[in-house]
Amino acid sequence: MDKPIHTHRFRYRCSITKLIFCWFTILLAFFFFFLLKTPSSNANRRVLPSLSTWENVVVQSAKPRDNSTGHSVLVTGAAGFVGTHVSLALKERGDGVVGVDNFNKYYDPSLKRRRSDLLLRNGVFVLEADINDSEKLAKLFRLVKFTHVVHLAAQAGVRYALKNPASYVHSNIAGLVNVFEVCKSANPQPSIVWASSSSVYGLNSKVPFSEEDRADQPASLYAATKKAGEEIAHAYNHIYGLSITGLRFFTVYGPWGRPDMMYFSFTKNMLIGKPIVVFEGPDHGSVARDFTYIDDVVKGCLAALDTAEKSTGSGSRVEGPAQLRVFNLGNTSPVPVSEVVSIMETLLRVKAKKVVVPMPRNGDVLFTHANISLARRELGYMPTTDLKAGLRKFLNWYLDYYSESKRESV
Ligand SMILES: O=C(O)[C@H]1O[C@H](OP(=O)(O)OP(=O)(O)OC[C@H]2O[C@@H](n3ccc(=O)[nH]c3=O)[C@H](O)[C@@H]2O)[C@H](O)[C@@H](O)[C@@H]1O
């Protein structure tokens, strides 16, 4: 028996309804699929702004002006004296620069903050981190493929080692090893330029000091940690193919300098009429330093970076021998401390209240004098600023910076 037409219609309607239902379900599935996808991409977007708080800033800061020619450089100790000047010079010529600094209290941290502000105004971001923080450093290398590391973070100062020996081990040994560890694991491995010190010559009496001279008689723990750093560099170069250049700085001075150094603390005392303690050698002999102006040292650092060959390893694996170098960066003309005081007296038009005492056995050496033949030949390094010109620039900066004690320009 034929089914009534309404039954057919009913069935027909049913199948239409099923079809609509099916389509509806498919549409709903699509809808939910996209709905679920959207929050996750929103979540990503939510992550990105927090990325931009410092990670994106790091990425921006590391970008060279010209990707094909510029370097991406990580500068440790960027809020330090040499670190600030090197970072500015790199940025100015078009390299991308990211700084790291722990802003410790060895000397007035507000000076470090002011240097860091100066860097930021010039497009260099300084991340607050200790070089012993391997996680932070590794994170930086995940964000940026640094071509070079200029490692300047260190516990500086010769005499402070008597007070706080552990800080030298922490920064100059453990910190250095950590920087090398992170660099050797990076892929690609960066080339490294780092700050050693003229103090490694210690009690060496052959003048001028050349890179082949003895450096196994340190007079201070500071010097011993810097020399140890050079040996550690040798091991990392040998095992992992890291390209490493050590620069032996000779008593660097200049604007934005370190308040713990003689020329800086003497300036402060002379301007407020406080006595200064001048060390002298045996038989009233002078104590002398090969004072080197910051701009000359910066040129040496950049030349070291530009002539650095690539590291040969990748992600911890060595694939061939790599470059290992050490250079003196000095001025080649030692000046007695008493003469520094005379120059400052003339420039400041102030008579210093000198207290002359025999040099205590505090880690100091009697003199330093750089032979720079190797740096001249390999780096084209040629210092051009004599002590009087350099001190004049420093004093002008000092008077400007500490404007509360500002006098007329010298
Ligand atoms: O070239 C280097 O290797 C070192 O140079 C400086 O060390 P230093 O030469 O001792 O610099 P200052 O502390 O500024 O002393 C300079 C001279 O002034 C003398 N001095 C220092 C302080 C003082 O109160 N009186 C004084 O006569 C010292 O004996 C020394 O001859 C830096 O402080 C070190 O970090 C660096 O590594």
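# A walk through the model, starting at the ligand

Let's begin with the ligand: 19 residues surround it, and the closest are Ala156, Ser197, Met261, Met262 and Phe279. Here a residue is near a molecule or strand if its C-beta atom, placed from the backbone, lies within 6 Å of it. Strand S8 (residues 276-280) gives the most to this shell, with three residues. Sorted by class, the shell has twelve nonpolar, five polar and two charged residues. In that sorting, Ala, Val, Leu, Ile, Met, Phe, Trp, Tyr, Cys and Pro count as nonpolar, Asp, Glu, Lys and Arg as charged, and the others, Gly among them, as polar.

A word on what you're looking at. This is a predicted model, in which local features need pLDDT of at least 70 and side-chain atom pairs count only at pLDDT 80 or more, while totals for chains, interfaces and linings use all residues. Residues are numbered from 1 along each chain as its sequence is written.

Now step back to the protein chain, which has eleven helices and 13 strands. Helices (H or I, at least four residues) and strands (E, at least two) are DSSP runs, numbered from the N terminus. Buried residues make up 42% of the chain's 410 residues. A residue is buried if 20 or more other C-beta atoms lie within 10 Å of its own, exposed if 12 or fewer, and partly exposed in between, with C-beta atoms placed from the backbone. Among contacts between residues at least 6 apart in sequence, 80% join residues at least 24 apart. Two residues are in contact if their C-beta atoms, placed from the backbone, lie within 7 Å.

Next, find the sheet. Seven strands form an open sheet in the order S3-S2-S1-S4-S5-S6-S11, and the pairing is parallel. Strand S3 (125-128) and S11 stand at the edges with a single partner strand each, so one side of each is left without a neighbour in the sheet. On average, neighbouring strands of this sheet are turned by 20° against each other, direction ignored. Two strands pair if DSSP finds at least two bridges between them.

Let's follow the bridges across. Strand S1 (residues 72-76) is joined to strand S2 (residues 96-101) by five bridges, and the two run parallel. Leu74 stands opposite Val98 in S2, and Leu74 also stands opposite Val149 in S4. S1 and S4 pair in the parallel sense over four bridges. Four bridges also join S4 to S5, again running parallel, and in S5 the bridge partner of Val149 is Ile192.

Helix H8 (residues 294-307) lies across S4, S5, S6 and S11, running at about 165° to S6. For these angles, axes are lines fitted to C-alpha atoms, for helices over the stretch in contact, and angles run from 0 to 180 degrees between N-to-C directions.

Then there's helix H6. At 1.5 Å a residue, the 20 residues of H6 (residues 221-240) should span 28 Å, and its end C-alpha atoms are 28 Å apart, which agrees. The expected span is 1.5 Å times one less than the number of residues. The buried residues of H6 include Leu221, Tyr222, Ala233 and Tyr240. Its buried residues pack against helix H5 (165-185), strand S5 (191-197), strand S6 (244-249) and strand S11 (324-329). After H6 comes Gly241, whose phi is positive, near 70°.

Most residues other than glycine have a negative phi, and most peptide bonds are trans. Still, the bond from Asn187 to Pro188 is cis, with omega near 5°, and Pro188 lies in the loop between H5 and S5. The bond from Val207 to Pro208 is cis too, with omega near -15°; Pro208 is found in the loop between S5 and H6. Phe103 has a positive phi near 50° and sits in the loop between S2 and helix H3 (109-121). Phe103 is partly exposed, with 17 other C-beta atoms within 10 Å. Asp283 has a positive phi of about 55°, in the loop between S8 and strand S9 (288-289), and Asp283 is exposed, with 5 other C-beta atoms within 10 Å.
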